[in-house]
Amino acid sequence: SPSPDKKHPKTLYLQSVACSTMDTAPIKLAKINRVLGRTGNTGNVTQVRVEFIDDPNRSIIRNVKGPVREGDILCLLEWEREARRLR
């Protein structure tokens, strides 16, 4: 366990927990090929088609919250699930 800082005793501990969690969590990088449209009750979610960086032949549809555009790279913590297509 790292020694705590005198001014901010929890700072070092929280940083080490976050780093160890990020090291063990698998992620996949995916590039946005096409923005398909807006969804959600207020239109605050964007539906996009992404292709995986490590496997360019595989692409899926995902819902993304926040500003995105074609060419952006997403870090996907979960990559098996695909969003339903907009109607």
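Read along the sequence, this protein chain follows the pattern α-β-β-β-β. In total there are 1 helix and 4 strands, where helices (H or I, at least four residues) and strands (E, at least two) are DSSP runs numbered from the N terminus.

Before I continue, a word on the source. This is a predicted model, in which local features need pLDDT of at least 70 and side-chain atom pairs count only at pLDDT 80 or more, while totals for chains, interfaces and linings use all residues. Residues are numbered from 1 along each chain as its sequence is written, and side-chain values use heavy atoms, with hydrogens and water left out.

Let me turn to the sheet. The 4 strands form an open sheet in the order β3-β2-β1-β4, with antiparallel pairing; two strands pair if DSSP finds at least two bridges between them. β3 and β4 (73-76) are the edge strands, each pairing on one side only. On average, neighbouring strands of this sheet are turned by 50° against each other, direction ignored. The axes here are lines fitted to C-alpha atoms, for helices over the stretch in contact, and angles run from 0 to 180 degrees between N-to-C directions. Between β2 and β3, the antiparallel pairing runs over 7 bridges. Within β3, N63 is the bridge partner of Q47.

Next, the salt bridges. How many salt bridges does the structure hold? There are 3 of them, a salt bridge being a side-chain nitrogen of Lys or Arg within 4 Å of a carboxyl oxygen of Asp or Glu. As a general point, side chains of opposite charge can pair when their charged atoms come close.

K28 pairs with D54, and their closest N and O atoms are 3.6 Å apart. This pair links distant parts of the chain, since K28 lies in strand β1 (residues 28-39) and D54 in the loop between β2 and β3, 26 residues apart. D54 counts as exposed because its relative accessibility is 57%; the classes are buried under 20% relative accessible area, exposed over 50%, and partly exposed in between (1.4 Å probe, protein chains only).

R69 and D72 meet through their side chains in another salt bridge, at 4.0 Å from N to O. At 60% relative accessibility, R69 is exposed, whereas D72, at 25%, is partly exposed. R81 forms a salt bridge with E78, with 3.5 Å between the closest N and O atoms. Here R81 is exposed at 58%, and E78 is partly exposed at 27%.

The loop between β2 (45-52) and β3 (59-65) also holds I53. Is I53 buried or partly exposed? It counts as partly exposed, because its relative accessibility is 45%. Accessible areas come from the Shrake-Rupley method with a 1.4 Å probe, and for residues only the protein chains shown count as cover.

In the segment after β4 we find R84, which is exposed at 72% relative accessible area. Its C-alpha atom is separated by 7.5 Å from that of I61, 23 residues apart along the chain.

Finally, the chain as a whole. Buried residues make up 21% of its 87 residues. The accessible surface comes to about 6,800 Å², of which 52% belongs to carbon and sulfur atoms.
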